[in-house]
Amino acid sequence: MAERLAGARERALSDPKGYWGEAARAIDWFKPAEEILDTSNPPFYRWFVGAETNVCHNALDRHVAAGRGDQAALIYDSAMTGKVRSYTYAELTDAVARLAGALAQLGVEKGDRVLIYMPMVAEAAMAMLACARLGAVHSVVFGGFAATELKTRIEAAKPKVILAASCGLEPGRIVPYKPLLDAALAMATHKPDACLILQRPEALADLGPKDHDWAKLVAGASPAACVPVKATDPLYILYTSGTTGIPKGVVRDAGGYMVALVWSMKNIYGIEAGEVMFTASDVGWVVGHSYIVYAPLLAGCTSVLYEGKPVGTPDAGAFWRAIQQHKVKALFTAPTAFRAIKKEDPTGSLLKNYDLSHFKTLFLAGERCDPDTLHWAEKLLKVPVVDHWWQTETGWPICANCVGLDPLPVKPGSPTTAVPGWDVQVLDENRQPAKPGEIGALVIKLPLPPGALPTLWQNDEGYQRSYLADYPGYYKTGDAGFIDEDGYVFVMSRTDDLINVAGHRLSTGQMEEVLAGHPDVAECAVMGVADTIKGQVPLGLMVLKAGVSRDPAEIAREAVALIREKIGPVAAFKTAIVVKRLPKTRSGKILRGTMQKIADAQDWKMPATIDDPAILEEITDSLRMIGYANRT
Ligand code: COA
Ligand code: AMP
């Protein structure tokens, strides 16, 4: 019987103050909380009110003080350059303190925002920690976004300083970041006081009057001390796709996040201080924030920060090489990475070249884990494979097989059961609890546990509207699914227009806004269609304005280029076609869901409200011509 898990779950829900108050003992507080959970202003709940702390102190300095100074804290492993560099806790503390000193010299103070636009280099983690040291609020922007997306995030966070690298490295190409940053700044109404640029030898950047050379400034800076912040002060803002072109600024507060992350390292991931975690994601995503940077360091572990891909850098054994070299205990990545490895090396033949004796668990998240991938990974690695479900908003897993508590039998397709602290329920369309097995909206009863978003950046109203208004008393995850008789949660699909491409969350609505801006396009629809590696990829259908006689293939190529220019390569938008008409309901709503089912050759029903059924036949023909809508 899973007694420890059941006990923890029962206690975390019936006595959240007691449960998380005890968990908070794992953190150093400069001043203890006056109230563990403030429930006086629902639906806004705050954890560890009145407490003072510093996240960087907890992630670095206190471990040095406790004797971990010589232990590796961060291992930067670049499969792109072949460079590996390990930083001990003492070295990382020193580097971060100096970088914080450089930021302070540029005028950064507690509460100021700092934008970080960097590839997967150790300095990206240092930048986040240096902000935390000063009590500044970081906003990391993923490197695969275009200048316009960067501009939107600059305008939203209004950073005092921007930290960037001269370039990122993608297989076969160097991505110069500085021109993208300059383009974003030229468009933005907000201008930072300064930019600190890390010069990478692969492509040096031209520095302007407001730009500082990272190495030079840091070399001359004095180390800065940790600035006490309130537990409820924001540690970071992380923008994530919403249903429109305006991303949502998810706020993460300092105290609750630390408590939740440290708890999760032991109880979910089964990793103790001194052990090695390798999270193959990107610092630009929540997974990177939580499990490349903060959680492993807060827990006194060693984190591997990997610049490269699972395949092609140099081959499908890239992860096995890193696991062997750094004696990794747990790997965390998205199922898409395993689908990519499986495609290149279906029999897993490369694995036999490596010693994975330290490797104990594979964790997968970011998208639904298809049973094929789960079974393939289990068979190959012969270790437990844990599918776990979470979101940018939640900051840490909602559902998981808790390796450090009582692992449960795996049900393929399910991220197992709710993690202690999360009261996950399924509500039907009348907002009533659904029966076991019945699909409905996956919601979480308020208050959310520590670590989850307290609000959106300077937008309490948007927070309520997006997450709390539809199901009063609950947080709406935006996912649909069901809970079975045994309490296993199955996450089936999104209830909005978000799609998941290679574990990255993207808005089809935003892509439609971009396509609609093409001068020849009258209307359009973008939907997520199935992809064997990336899970889903976007596909665009465009109706041209009357009188446009240009070559449709040319317009489709322009549409693909436009999305890359306006959203970025991360959108993975490679296919657009011109169609005569789009199928709609009689009230004019485009039938995206039906078209997606047709494209994926799934069973579909003629919608009762369709205006003109003949259009679906035209669409089917068009989709067949580009290789979709074919039953195999
Ligand atoms: N900077 C600039 N460009 C970037 C980038 C970055 N940081 N990250 C990705 N891109 C580009 C890629 O080069 C690619 O460009 P292309 O269209 O010119 O080929 C495009 O964005 C799409 O990237 P992606 O969808 O990641 O595809 P990929 O072919 O480069 O890699 C996988 C596919 C599956 C190998 C990769 O997505 C992966 O390893 N995913 C698993 C880990 C992960 O990211 N998880 C996220 C949440 S846990
Ligand atoms: P993001 O905020 O980018 O992390 O994306 C969160 C979304 O990814 C969730 O709302 C889900 O739709 C999806 N997701 C993440 N993990 C899983 C999982 N284990 N199973 C199913 N869907 C997942």
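A residue counts as near a molecule if one of its heavy atoms lies within 4 Å of it. Before you go on, a word on what you have open: this is a predicted model, where local features need pLDDT of at least 70, side-chain atom pairs count only at pLDDT 80 or more, and totals for chains, interfaces and linings use all residues. Residues are numbered from 1 along each chain as its sequence is written, chains are lettered from A and ligands numbered from 1 in the order in which they are written, and side-chain values use heavy atoms, with hydrogens and water left out.

**Still at ligand 2**

Show the polar contacts next (pairs of N or O atoms within 3.5 Å). What does the side chain of Arg 494 reach? One of its N or O atoms is 2.7 Å from an oxygen atom of ligand 2. On the backbone side, an N or O atom of His 388 sits 2.8 Å from a nitrogen atom of the ligand, and a polar backbone atom of Gly 366 is 3.1 Å from a nitrogen atom of ligand 2. Out of the 490 Å² of accessible area that ligand 2 has on its own, the protein covers 92%; such areas come from the Shrake-Rupley method with a 1.4 Å probe.

**On to ligand 1**

Now select ligand 1, which has 24 residues around it, the closest being Glu 170, Arg 173, Lys 309, Lys 534 and Lys 574. Zoom in on Arg 173: an N or O atom of its side chain is 2.7 Å from an oxygen atom of ligand 1. Then try Arg 564, with a polar side-chain atom 2.9 Å from a ligand oxygen, and Pro 569, where a polar backbone atom is 3.5 Å from an oxygen of ligand 1. Taken alone, this ligand exposes 930 Å², and the protein buries 84% of that.

The shell has 11 nonpolar, seven polar and six charged residues. Ligand 1 lies between domain 1 (3-308 + 388-481) and domain 2 (502-625), because both give residues to its shell.

**Last stop: the aromatic rings**

Select Tyr 19, Trp 20, Trp 263, Trp 396 and Trp 422, which form one aromatic cluster. Rings pair if their centres lie within 6.5 Å, and planes under 30 degrees apart count as stacked, over 60 as edge-to-face and the rest as tilted. Tyr 19 and Trp 263 make an edge-to-face pair, 6.4 Å centre to centre with 65 degrees between the planes. Tyr 19 lies in helix H2 (residues 16-23) and Trp 263 in helix H9 (residues 254-267), so this pair ties together parts 244 residues apart in sequence.

Trp 263 also pairs edge-to-face with Trp 396, at 5.9 Å and 65 degrees. Is Trp 396 buried or exposed? At 0% relative accessibility, Trp 396 counts as buried, a label that means under 20% relative accessible area.

Terms used
A polar contact is a pair of N or O atoms within 3.5 Å; within protein, one must be able to donate a hydrogen and the other to accept it, and residues adjacent in sequence count only if both atoms are side-chain atoms. Ala, Val, Leu, Ile, Met, Phe, Trp, Tyr, Cys and Pro count as nonpolar, Asp, Glu, Lys and Arg as charged, and the others, Gly among them, as polar. Domain bounds come from an automatic or database domain assignment. Rings of Phe, Tyr and Trp (its six-membered ring) pair if their centres lie within 6.5 Å; planes under 30 degrees apart count as stacked, over 60 as edge-to-face and the rest as tilted. Helices (H or I, at least four residues) and strands (E, at least two) are DSSP runs, numbered from the N terminus. Buried means under 20% relative accessible area, exposed over 50%, partly exposed in between (1.4 Å probe, protein chains only).
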